[in-house]
Number of protein chains: 4
Amino acid sequence: MIVILKNNPDKAQLTSLLSWLKEKNIDVHESVGISHTILGLVGDTASLDANLISALDIVEDVKRVQEPYKHANRKFHPKPTVIKVRDTQIGGGTLTLMAGPCSVESEEQIVEIAKRVKAAGANILRGGAFKPRTSPYAFQGMGTNGIELLKIAREETGLPIVTEIMDAEQLDYFKDVDIIQVGARNMQNFNMLKKLGRQEKPVLLKRGLSATYEEWLMSAEYIMSGGNHNVILCERGIRTFETYTRNTLDLGAIPVLRRLTHLPIIIDPSHAAGKAWLVPQTAPAAVAAGADGLIIEVHNNPAYAVCDGPQSIKPEVFDKLAAHLQALHEFMKSHPAPEIN
Amino acid sequence: MIVILKNNPDKAQLTSLLSWLKEKNIDVHESVGISHTILGLVGDTASLDANLISALDIVEDVKRVQEPYKHANRKFHPKPTVIKVRDTQIGGGTLTLMAGPCSVESEEQIVEIAKRVKAAGANILRGGAFKPRTSPYAFQGMGTNGIELLKIAREETGLPIVTEIMDAEQLDYFKDVDIIQVGARNMQNFNMLKKLGRQEKPVLLKRGLSATYEEWLMSAEYIMSGGNHNVILCERGIRTFETYTRNTLDLGAIPVLRRLTHLPIIIDPSHAAGKAWLVPQTAPAAVAAGADGLIIEVHNNPAYAVCDGPQSIKPEVFDKLAAHLQALHEFMKSHPAPEIN
Amino acid sequence: MIVILKNNPDKAQLTSLLSWLKEKNIDVHESVGISHTILGLVGDTASLDANLISALDIVEDVKRVQEPYKHANRKFHPKPTVIKVRDTQIGGGTLTLMAGPCSVESEEQIVEIAKRVKAAGANILRGGAFKPRTSPYAFQGMGTNGIELLKIAREETGLPIVTEIMDAEQLDYFKDVDIIQVGARNMQNFNMLKKLGRQEKPVLLKRGLSATYEEWLMSAEYIMSGGNHNVILCERGIRTFETYTRNTLDLGAIPVLRRLTHLPIIIDPSHAAGKAWLVPQTAPAAVAAGADGLIIEVHNNPAYAVCDGPQSIKPEVFDKLAAHLQALHEFMKSHPAPEIN
Amino acid sequence: MIVILKNNPDKAQLTSLLSWLKEKNIDVHESVGISHTILGLVGDTASLDANLISALDIVEDVKRVQEPYKHANRKFHPKPTVIKVRDTQIGGGTLTLMAGPCSVESEEQIVEIAKRVKAAGANILRGGAFKPRTSPYAFQGMGTNGIELLKIAREETGLPIVTEIMDAEQLDYFKDVDIIQVGARNMQNFNMLKKLGRQEKPVLLKRGLSATYEEWLMSAEYIMSGGNHNVILCERGIRTFETYTRNTLDLGAIPVLRRLTHLPIIIDPSHAAGKAWLVPQTAPAAVAAGADGLIIEVHNNPAYAVCDGPQSIKPEVFDKLAAHLQALHEFMKSHPAPEIN
């Protein structure tokens, strides 16, 4: 970390800063320039809060040279993380397709969709049991019964299951779930992240609606610093001024995260768009940008389509889309884009 | 709710929509225009998800006529909510000043600040015990010990205490706290909101970093629909493209919320700015815009200022600021701005 | 357009609204519901300002059913626009590659780059002559001399040239330019748009930093309503809260615009990223999402790289990237993603 | 400016950077730390493009220590700028009220409003002659005739007039205007800014919809570097994710700009809100935050209110509001909020 001091800094404050840094076992290298004095801090600067230091009257500015995350940092872990889930894996050059309904509604529904998406080439079954809803008056999901139905669908198809946790207290209900999903609105529910770090199941960590890449990786760091390194990052659209789509899908996040971290990156084109017809158009872009996989909403209920999410596509569309994405993934592997280091 | 259908809508889909609405006891008034057919839905439309309906192929668009929140809605509860906390009250024409340190650090520190801010005219003592920190490596607060120290400070000064809860599991620790604060990052931690709705303590609900007014009020609705109507809204800055300040304080939220809801509105100028020198400049604007109060960070530790938040002001500044704000509040009451209905 | 009236609207105001609409030759179809009266407006509603009507005390809300743009609207012009420029074309299933330096610096520089990018497969040469710079103290470009050098490069290579106009007064200097570029900061310079609509050269219209799709298409409408239908839309990144990249590239804009308009869509991955290493990673995503082409910054000046844009890639990288993009474009044509109507 | 180099930087690139800086007469002070080498650049660094330098492979990061603007910078010009316009002045402790209709519609209309707002205490008359409209099909204003009518209103009342320029070519029409307004969409129309810098009339420079404080001040710098130092900054709301109001009024901009610049700061509460009823609620907050004045839309046309802007207030409301704002301004002068340096 580099601290730029103002001209003629107050001696007392400078001394108190230096002693405070010493307490924290930070070595300080002072270099006096013509207009400014610069302190180079060496040591475990990740534990220093840049905001606190920059608040000092004597400090002009503070500049982090190292990212504040360690376990998630590719600089320290160049090898991409590969997460094994039952017979499948996430990361390491494969394309993972997670598919399923917005909400689990019945055994018939979830089993039928599970069979359809598996036949189409999906590796993992998604389905909402606990639903985070903006309105307390909207359907809140089937809860634990929903998880039981997901397990039945897994038995029928062999597909591992991923479903969302909304509260650390629910953790017991997830002991038979394969991947625990953390929703965008809980990305900075730090106590829940800590608890997820003290158990072994992989965590699918969605990006918060207005979370920066660094904040997102710091949330991953919360989980990893607890001992659980099986974190999957999921971009699901960010909040911008544009209202035509529910959110703006940030596909540039894929190459950026590829450089910053070794964790696998999954794209959710369904929630970003909020419009089913956009899903087959944006999903290929995610693969071309190098995503490790996608998570896509699929419903099978045209007669009661009104009960399905506006962003869900029909199984017959998913059949074609999955085939297209796998072919595109193969093409990109055989025809890679140039890389700049 | 008004549903605008496309031209020549598919009969089957229309029938399925109408029967689905009937199941939900919604009366439908059909009016056929030259280019469009319009359905006027009457009944408990708050429970309908506009997104789901607008996803139907036959639907051009859906327009809510009523807000989706009821308990928080001023239309149904024109009288402003006044919340009594020990000997003080929030709302109803008074100006509430909540003040205290970013974090509780020691008995000496919190008691000294409590005495200082009380002398200056603060009505409520704030202080962080459980600290939501972006980094797992940063100080996470004193936890339950911090709450014990706040209670000591309350005994010494008589000031009610407000402190932040981070997780529904912590609720037991808050039984002696006067006001439970929900942080911006937990504004949509729906399970926690439900639990806070099933207990009686007032809740200070901070606005999420990118939450719309409606989403914010829907989170209040989660608490109120559980039976707890003592909700205080707190604007603390939203996330925008501007990076000079940590967040952008949205003071326009005050008159907007005044019209939409009967709940009291508090402004947090400290976190929005992230710069102590901005606090005395923006706080008066909040009072002039009609805020019911402010929550301001005050530290008393110049020697170790580095340990205090960059947005904390010194007690001697708070002395002057509190006096200024009360005088301004009196002025605004005797010289009200004109109102347009 | 649909106007939703409040309950028991003031008769005088309603009469004045109806007569005002009549003056504008708008037919009004009134349908009285149980809780609301709804007016269906038929006629040239594009000329009506929804904001003005919604401002009336008697109006609850206004809902546009038709988009406010006509010439740019795909509903009225389903066939994709194909723009011919010398021996090449933009749109209609081809992939256009526009490439060249940030700024024209010398004859040697521009001619060398032109030859390099042409050899690599570029169809159009880009280069800045008039440079919009945030700072008045930064290099403002070579101006008319830059355009002369672009013409020399065109003679040497046969590549059509595209360069940016900053002011309607500059129009005379552009009579030998093939495509006139309008920068993001001028997207709503309406007088300039009108003038560009009264001449024949194709216009490359960049999206404003915080322009919605509709505002962008309305700016295209300004040009088209003047008679010039040769408009090319260029997404170059929007402004969001994320600061790691200069802007956030909105690739979802491609399928959205494909549905809303018949105009060709070009992506600028260089300016969005602000980082050269991101360009080869995001450009393929643009092709997979169905872009009609890309505009990419290429410099040839490693020794003085400091004078080139931080987002410029080297010719040897462009060689590989151009080949990759063309191969990917062919793949997408032979393996199309499914479409939902 | 401080340049932080990566470890073991490439010697050739470093030499080329140093010689390039030398050419620009920048002194370089090298200080070698344990993990990083830091270059302190001294000289006219405002002309250096930080992006260009940070793009070098050998550069880890670049940190500006001085703001890139000079003439607008309070550090170099501590005294607040006071702009004299006929018998009134802007800045220097007075509260300027600019008021008038959205558009000039007729002599009767503009003269009547001018008399009303003058009687209420307005110092300057505003009125749109050239109207920037999102749609080419909307009313574009009366143009030069509108300016003639403004001049008549000025003769009748003595109020100086401010109206918007949309294009450098219109400059001739503005020779009798007192203050030339630059709209938000033209804030970075750099050629027009240069021309406005080469004439003497004061310029009211509105903030772009997504312009940072620094970009805004750099646009002021464009005008000032041409010789015209009479620039008035006008905050009119920024674009955020919130859609309830047309824009989000950033009142924190007032104290921030007060610290960064010596130029007067005016607030436009009408356009930010897009709702007339919000204007009397947010205007007082602007005064309490220390604004030098406000610019407010007033219409006088209840019968045809539909032709007036949704954000315009009626004269009888402005009467009360102007009195309130002046009283509040006096109160703030006699009861100043504390300042932190």
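User: How many residues does the contact between chain B and chain A take from chain B, and how many from chain A?

Analyst: This is a predicted model, in which local features need pLDDT of at least 70, side-chain atom pairs count only at pLDDT 80 or more, and totals for chains, interfaces and linings use all residues. Residues are numbered from 1 along each chain as its sequence is written, chains are lettered from A and ligands numbered from 1 in the order in which they are written, and side-chain values use heavy atoms, with hydrogens and water left out. With contact meaning heavy atoms within 4.5 Å, the contact takes 52 residues from chain B and, from chain A, 52 residues.

User: What area is buried between chain B and chain A?

Analyst: Buried area is the accessible area (1.4 Å probe) that two parts lose on being put together, summed over both. Carbon and sulfur atoms give 53% of the area between these two chains. The area buried between chain B and chain A is about 4600 Å².

User: Which element gives the most residues to the side of chain B that touches chain A?

Analyst: Across this interface there are 20 residue pairs in polar contact (both at pLDDT 80 or more), a polar contact being a pair of N or O atoms within 3.5 Å where, within protein, one must be able to donate a hydrogen and the other to accept it, and where residues adjacent in sequence count only if both atoms are side-chain atoms. Two or more residues come from each of α1 (11-23), α2 (50-54), α5 (190-197) and α6 (213-224) of chain B, with helices (H or I, at least four residues) and strands (E, at least two) taken as DSSP runs numbered from the N terminus. The element that gives the most, with 5 residues, is α5(B).

User: Which residue of chain A forms a salt bridge with Glu215(B)?

Analyst: A salt bridge is a side-chain nitrogen of Lys or Arg within 4 Å of a carboxyl oxygen of Asp or Glu, and the rule finds 6 salt bridges across the interface of chain B and chain A. In the one that involves Glu215(B), the closest N and O atoms are 2.7 Å apart, and the partner is Arg239(A).

User: Which three residues of chain B lose the most area to chain D?

Analyst: The contact takes 47 residues from chain B and 47 residues from chain D, and the area buried between them is about 3800 Å², of which carbon and sulfur atoms give 77%. Together giving 18% of what the side of chain B buries, the three that lose the most are Phe241(B), Trp277(B) and Pro338(B).

User: Which residue of chain D meets Arg207(B) in a salt bridge?

Analyst: The rule finds 2 salt bridges across the interface of chain B and chain D. In one of these pairs the side chain of Arg207(B) comes to 3.2 Å (N to O) from its partner, Glu242(D).

User: Is Thr240(C) buried or exposed?

Analyst: Thr240(C) lies in the loop between β12 (231-235) and α7 (253-260) of chain C, where a polar contact of 2.8 Å joins its side chain to that of Thr248(C). Leaving aside its neighbours within four places in sequence, Thr240(C) is in contact with Ile238(A), Thr240(A), Phe241(B) and Thr248(C). Buried means under 20% relative accessible area, exposed over 50% and partly exposed in between (1.4 Å probe, protein chains only), so Thr240(C), at 9%, counts as buried.

User: How far apart are the C-alpha atoms of Asp49(D) and Arg154(D)?

Analyst: Asp49(D) sits in the loop between β3 (37-42) and α2 (50-54) of chain D and is buried, with a relative accessible area of 17%. Arg154(D) is 105 residues away along the chain, and the two C-alpha atoms are separated by 45 Å.
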